[in-house]
Amino acid sequence: MLENFWFNVEYGVNHVLDINAYDHVLFLIVLTVPYLFRDWKRVLLLVTMFTLGHTLSLVMAAYDVITVNGAIVEFLIPVTIMVAALFNVFTAGKGAQKEKVGILFLTTLFFGLIHGLGFAREFKMLLGSNDNKILLLLEFALGIELAQIIIVFIVLFLGYLVQTIFRFSKRDWVMVISSIVVGLVIPMILNSDFLS
């Protein structure tokens, strides 16, 4: 039982940290980069909204409530990253991330739903026929959340170093990182099966 628990948690961690599927990491980077360590509660809430959306998609897929065209989802995932990165570019230094919980959190939840649908097919194979679906989903979600917290901490820590030691302005840090992410997702969008 405990062995299964750790396997599922580790599977969730590996799902996020997989170097070949770095879209999840890119999204977390653009979600976190506008914030400082003192904003950790807000960032944690955002990341949890993303996990919630991701998990809701997997629940719906596991119980055959929803089926989607994989090509559309694989196209939409980099689009969500692009939208988040461009939001950062256009609002860098304007304090848009400080606004009340609302559109940013709902958008993050919605993007989590899309990202979860991208993993739904693989997750259904992992489920097998007689697994306790809800338990497996919760264990997997725990792994995702742990991995996301690691990435968030790294991004916040790098932001702290760059802004205190190297004297980058927060605005420049957000602009540079978000622009790099835009550059990385453009080929993902253009090379998606949906467009070919």
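This is a predicted model: local features need pLDDT of at least 70, side-chain atom pairs count only at pLDDT 80 or more; totals for chains, interfaces and linings use all residues.
## Two loop residues and a helix crossing

Arg167 sits in the loop that links helix 6 to helix 7 (170–190). Phi of Arg167 is near 60°, a positive value in a residue that is not glycine. That is worth a second look, since most residues other than glycine have a negative phi. With a relative accessible area of 67%, Arg167 is above the 50% cut-off and therefore counts as exposed.

Asp64 is not a glycine either, yet its phi is positive, at about 55°. Its relative accessibility is 52%, so Asp64 too is exposed.

Here are the two residues side by side:

| Residue | Phi | Relative accessibility |
|---|---|---|
| Asp64 | about 55° | 52% |
| Arg167 | near 60° | 67% |

Now to the helices. How do helix 1 and helix 6 lie relative to each other: parallel, perpendicular or oblique? The axes of helix 1 (residues 2–17) and helix 6 (residues 133–164) come within 7 Å and cross at roughly 45°. The two helices are therefore oblique to each other, and their crossing is right-handed.

The contact draws on residues from both helices. From helix 1 come, among them, Phe5, Val9, Tyr11 and Val16, and the helix 6 side includes Leu136, Phe140, Ile144 and Ile151. By class, this contact has 13 nonpolar, 6 polar and 1 charged residues. Glu139 in helix 6 is one of the residues that meet helix 1.

Methods
Residues are numbered from 1 along each chain as its sequence is written. Side-chain values use heavy atoms; hydrogens and water are left out. Axes are lines fitted to C-alpha atoms, for helices over the stretch in contact, and angles run from 0 to 180 degrees between N-to-C directions. Helices (H or I, at least four residues) and strands (E, at least two) are DSSP runs, numbered from the N terminus. Angles under 35 degrees count as roughly parallel, over 145 as roughly antiparallel, 65 to 115 as roughly perpendicular and the rest as oblique. A crossing is left-handed if the near helix is turned anticlockwise from the far one by less than a right angle, and right-handed if clockwise. Contact means heavy atoms within 4.5 Å. Ala, Val, Leu, Ile, Met, Phe, Trp, Tyr, Cys and Pro count as nonpolar, Asp, Glu, Lys and Arg as charged, and the others, Gly among them, as polar. Buried means under 20% relative accessible area, exposed over 50%, partly exposed in between (1.4 Å probe, protein chains only).
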